[in-house]
Number of protein chains: 2
Amino acid sequence: MTARLSLNQATTTQWTVPEVVSGCVQAGISGIGLWRDPVAAHGVEETAKLVRDAGLTVTSLCRGGFFQSPNAIEDNRRAIEEAAALGTGILILVSGGLAEGSRDVDGARQNVIDSIAELAPYAADHGVQLSIEPLHPMFCSDRCVVSTLDQALDMALQFPAEQVGVCVDTYHIWWDPNVYKAIERAGDRISIFQVCDWITPLPEGVLLGRGMMGDGSIELRRLREAVDATGYTGPIEVEIFNQQIWDQPGTDVVNRVVETYQTHVL
Amino acid sequence: MTARLSLNQATTTQWTVPEVVSGCVQAGISGIGLWRDPVAAHGVEETAKLVRDAGLTVTSLCRGGFFQSPNAIEDNRRAIEEAAALGTGILILVSGGLAEGSRDVDGARQNVIDSIAELAPYAADHGVQLSIEPLHPMFCSDRCVVSTLDQALDMALQFPAEQVGVCVDTYHIWWDPNVYKAIERAGDRISIFQVCDWITPLPEGVLLGRGMMGDGSIELRRLREAVDATGYTGPIEVEIFNQQIWDQPGTDVVNRVVETYQTHVL
């Protein structure tokens with residue numbers, strides 16, 4: 001019942017890399033989504049070995065992107081190399097928002113496409129697909145100018161499928177009146193499927209407002225079925241940014257992830 | 001330079017109805033957008049007379065909608081009657097979110113259409129057009145299941161133009177990759193145009209996070225020009241929900257509205 005379940009490391013930031021690896025093994029979770037910062041803290045090669053020895057599959061690396069930064073291309077090349085070293089074929093891209101003081105959202109979006117064009121062949125050479133993640137429109141100005149799945153797909157389709165795909169995260173797209181058509185259209189461009197729930201009120205800054213599956217408003221099972229209907233059989237990553245969840249013992253969180261995944265997603 | 005400027009009353013909640021009417025007159029603002037609660041506190045007929053005697057035009061009444069409530073139809077009939085009594089031809093509808101405990105967003109959206117179908121002839125009999133306002137997707141679960149201008153338009157187009165239009169508010173739609181196409185498509189269905197800016201970080205609950213024009217990320221002039229290009233020549237309402245703005249003297253706020261409207265919107 002948990003064959004496809006993957007724990008995204010951002011769900012349990014209270015844990016170090018060795019702790020989250022061990023936590024996954026103990027909970028019977030075979031997939032893990034990693035983040036660059038904690039991986040860097042433990043060491044890329046050390047993390048790769050630890051995960052491999054534990055028998056875990058790295059389902060994605062978060063994240064590349066933030067293309068409004070001056071050194072973005074160079075930083076994204078490092079991210080691609082890290083993904084390859086960690087043994088995952090998927091680097092998730094959060095595009096970044098507007099440059100400081102800018103209102104040029106069209107320009108920022110074009111810069112995302114141009115940056116991906118520069119990076120995609122390098123990624124493919126490393127066996128890594130870039131996965132464009134649309135973020136909820138409330139993040140448009142400061143984190144991600146890619147705001148809908150259709151928009152992410154319009155970008156991805158400008159590149160070969162092995163180079164660029166899309167990340168489908170229920171939190172960011174559930175509200176979209178076109179979401180089911182967009183998922184169908186995404187088809188085999190879906191690199192990775194992520195789940196968590198939408199809860200209110202949103203906290204200040206809105207970043208840490210995600211909910212455990214079943215606690216909120218999202219039709220998680222319906223979205224999972226729509227993703228599966230495209231032929232996607234890959235991992236289902238649970239990624240929850242939530243300070244209250246981070247304040248709990250990691251083991252409790254993971255047990256609840258396993259339980260609510262089976263109740264609300266499967 | 002302020003011929004089209006209208007002050008939405010929600011921008012200056014520190015003011016009573018007589019204060020906001022007097023504040024508009026003193027600032028040379030000829031239009032006012034009213035809200036039902038403060039109007040009720042002052043009296044509908046009394047407000048109508050006060051505004052008329054001051055020579056102000058009521059550019060809209062906020063708001064009908066919230067169709068997930070059990071008594072929504074009856075309450076919206078009262079709102080239509082109030083709009084007519086206040087001398088405005090436009091009642092803005094904020095659709096409401098999901099019913100308590102529900103995840104059925106499709107059902108909630110269908111209920112919006114069904115409710116409008118029930119109300120639209122009654123509104124037309126009163127010389128009032130219902131104006132569907134898409135709210136930013138961050139309000140989808142708790143305030144408004146109408147999340148994009150295209151979606152609002154798809155609903156409005158099911159009814160005669162004199163019965164149902166759409167409200168274009170820069171705050172809610174600026175992020176949409178399709179926003180300019182949607183505005184063009186909206187054409188003569190645009191009932192009313194509202195402006196304010198997008199600023200971050202969003203406060204807890206996100207409702208009171210709107211910015212004064214020029215303080216944020218929105219290309220206000222470009223959006224105003226796109227709305228004008230449809231042939232819209234109506235009022236431009238400034239509507240800013242922001243606790244810090246409400247904590248300032250109303251006169252200072254209105255002076256800044258007049259100034260930033262001319263600098264960033266015209």
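These are my notebook entries on a predicted model with chains A and B.

**Entry 1: the barrels**

I began with the strands of chain A. Eight of them close into a barrel in the order 1-2-3-4-5-6-7-10, and the pairing is parallel. From one strand to the next, the twist averages 30 degrees. Then I turned to chain B, where eight strands close into a barrel in the order 1-2-3-4-5-6-7-10, again with parallel pairing. The twist there averages 30 degrees from one strand to the next.

**Entry 2: strand neighbours**

I wanted to see some of the pairs residue by residue. In chain B, strand 1 (residues 5-8) runs parallel to strand 2 (residues 31-35), and three bridges join them. I looked up B:Asn8 and found that its bridge partner in strand 2 of chain B is B:Gly33.

Next I checked strand 4 (residues 90-94) of chain A, which pairs with strand 5 of chain A in the parallel sense over four bridges. A:Ile90 has A:Gln129 in strand 5 as its bridge partner.

Are the faces of strand 5 of chain A covered or open? Both are covered: A:Gln129 and A:Ser131 on one side are buried, and so are A:Leu130 and A:Ile132 on the other.

**Entry 3: the core**

I noted a general point before looking: in soluble globular proteins, nonpolar side chains tend to be buried together. In this model, the largest nonpolar core has 175 residues. Which residues have the most contacts inside it? They are A:Leu91 and B:Leu91.

I then listed what B:Leu91 touches, leaving out residues up to four places away in sequence. Its neighbours include B:Leu61, B:Gly64, B:Ala79, B:Ile80, B:Ala83 and B:Ala123. B:Val128, B:Leu130 and B:Ser131 are also among them.

**Entry 4: where the chains meet**

I moved on to the interface, where 24 residues of chain B are in contact with 24 residues of chain A. The side of chain B that touches chain A has twelve nonpolar, eight polar and four charged residues.

How are the chains related? A rotation of 180 degrees, with 0.0 Å of shift along its axis, superposes chain B on chain A with an RMSD of 0.0 Å. That is the relation of a two-fold axis. Within chain B, the residue that comes closest to the rotation axis is B:Glu204, at 1.9 Å (C-alpha).

Last, I compared the two sides of the contact: 100% of the interface residues of chain B are also interface residues in chain A, so the copies meet through the same surface.

Note on methods:
Residues are numbered from 1 along each chain as its sequence is written. Chains are lettered from A and ligands numbered from 1 in the order in which they are written. This is a predicted model: local features need pLDDT of at least 70, side-chain atom pairs count only at pLDDT 80 or more; totals for chains, interfaces and linings use all residues. A nonpolar core is a set of buried Ala, Val, Leu, Ile, Met, Phe, Trp, Tyr and Cys residues joined through C-beta atoms within 7 Å. A residue is buried if 20 or more other C-beta atoms lie within 10 Å of its own, exposed if 12 or fewer, and partly exposed in between; C-beta atoms are placed from the backbone. Two residues are in contact if their C-beta atoms, placed from the backbone, lie within 7 Å. Ala, Val, Leu, Ile, Met, Phe, Trp, Tyr, Cys and Pro count as nonpolar, Asp, Glu, Lys and Arg as charged, and the others, Gly among them, as polar. Copies are superposed by least squares on the C-alpha atoms of residues with pLDDT of at least 70 in both. Two strands pair if DSSP finds at least two bridges between them. Helices (H or I, at least four residues) and strands (E, at least two) are DSSP runs, numbered from the N terminus. Axes are lines fitted to C-alpha atoms, for helices over the stretch in contact, and angles run from 0 to 180 degrees between N-to-C directions.
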